[in-house]
Amino acid sequence: MEPAAGGAHVQGLLGHPRGGTSRPASPGESPLQAASRELREELGITPTLGRLLAVDWAPSTTEGDKVLYLFDGGELAPETVEDIRPQAEELKSVTFVAPSEIPDRTIPRLGRRILAAIEARAASAPVYLEHGQAPSDVAA
């Protein structure tokens with residue numbers, strides 16, 4: 001998501017610092033519905049989510065493998081940015097940053113995932129990722 005500033009397009013991204021969600025999708029809840037619910041629960045806003053930007057297979061020996069979906073959050077109106085209320089139990093604050101700052105502000109796999117989604121948005125084409133990056137080889 002990006003904040004709007006006087007009609008100008010301000011580069012930035014809203015991201016969860018650890019890249020997870022508080023809980024997985026509920027039975028019968030689609031990935032898009034789960035993403036919308038997470039925004040409502042964790043930030044107190046309900047922006048319209050757009051197209052799929054990335055699908056990332058995230059292997060984990062401790063939590064089990066996950067498939068993560070990143071959707072286009074669009075541009076937020078100034079009043080929506082003002083309405084953001086981080087859920088204290090999960091988030092300390094929300095900051096919009098330039099893409100160049102992302103690797104310094106989050107864990108490597110999440111940084112790769114976010115940057116790939118930004119590139120996918122610019123290219124108007126979703127991307128498939130494995131652990132936050134394009135796979136080096138494709139199984140036949």
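## The three-stranded sheet

In this predicted model, strands S4, S3 and S6 form an open, mixed sheet in the order S4-S3-S6. Strands here are DSSP runs of type E with at least two residues, helices are runs of type H or I with at least four residues, and both are numbered from the N terminus. Two strands count as paired if DSSP finds at least two bridges between them. Strand S4 (66–71) and strand S6 (127–130) are the edge strands, each pairing on one side only. On average, and with direction ignored, neighbouring strands of the sheet are turned by 20° against each other; axes are lines fitted to C-alpha atoms, for helices over the stretch in contact, and angles run from 0 to 180 degrees between N-to-C directions.

Strands of a sheet pair through backbone hydrogen bonds, either parallel or antiparallel. S3 and S6 run parallel and are joined by four bridges. Within S6, Tyr-128 stands opposite Val-55. Helix H4 (residues 108–123) packs on the sheet and touches S3, S4 and S6, with its direction at about 150° to that of S3; a contact requires heavy atoms within 4.5 Å.

## A nonpolar surface patch

Trp-57, Val-67, Tyr-69 and Tyr-128 make a nonpolar surface patch of about 380 Å². Patches comprise residues with over 30% relative accessible area and no salt bridge; like charges are joined within 9 Å, and nonpolar side chains (Val, Leu, Ile, Met, Phe, Trp, Tyr) within 5 Å. Accessible areas come from the Shrake-Rupley method with a 1.4 Å probe, and for residues only the protein chains shown count as cover.

Trp-57 is found in strand S3 (residues 52–58). Trp-57 counts as partly exposed because its relative accessibility is 31%. The classes are buried (under 20% relative accessible area), exposed (over 50%) and partly exposed (in between), with a 1.4 Å probe and protein chains only.

## Salt bridges

A search of the whole structure finds seven salt bridges, each defined as a side-chain nitrogen of Lys or Arg within 4 Å of a carboxyl oxygen of Asp or Glu. One of them joins the side chains of Arg-37 and Glu-29, at 2.9 Å from N to O. Arg-37 is buried, with a relative accessible area of 4%, and Glu-29 is also buried, at 17%.

Another salt bridge brings together the side chains of Lys-66 and Glu-63, at 2.5 Å from N to O. Lys-66 is partly exposed, at 36% relative accessible area, whereas Glu-63 is exposed, at 55%. Arg-105 forms a salt bridge with Glu-101, their closest N and O atoms lying 3.2 Å apart; Glu-101 is partly exposed, at 33%. Through shared partners, salt bridges join Glu-29, Arg-37, Glu-38 and Glu-41 into one network.

## The protein as a whole

The protein has four helices and six strands, which run β-β-α-β-β-β-α-α-α-β from the N terminus on. Of its 140 residues, 31% count as buried. Among contacts with a separation of 6 or more, 55% are between residues 24 or more positions apart. The accessible surface comes to about 8,500 Å², and 54% of this area belongs to carbon and sulfur atoms.

## Basis of the values

Residues are numbered from 1 along each chain as its sequence is written, and side-chain values use heavy atoms, with hydrogens and water left out. As the model is predicted, local features need pLDDT of at least 70 and side-chain atom pairs count only at pLDDT 80 or more, while totals for chains, interfaces and linings use all residues.
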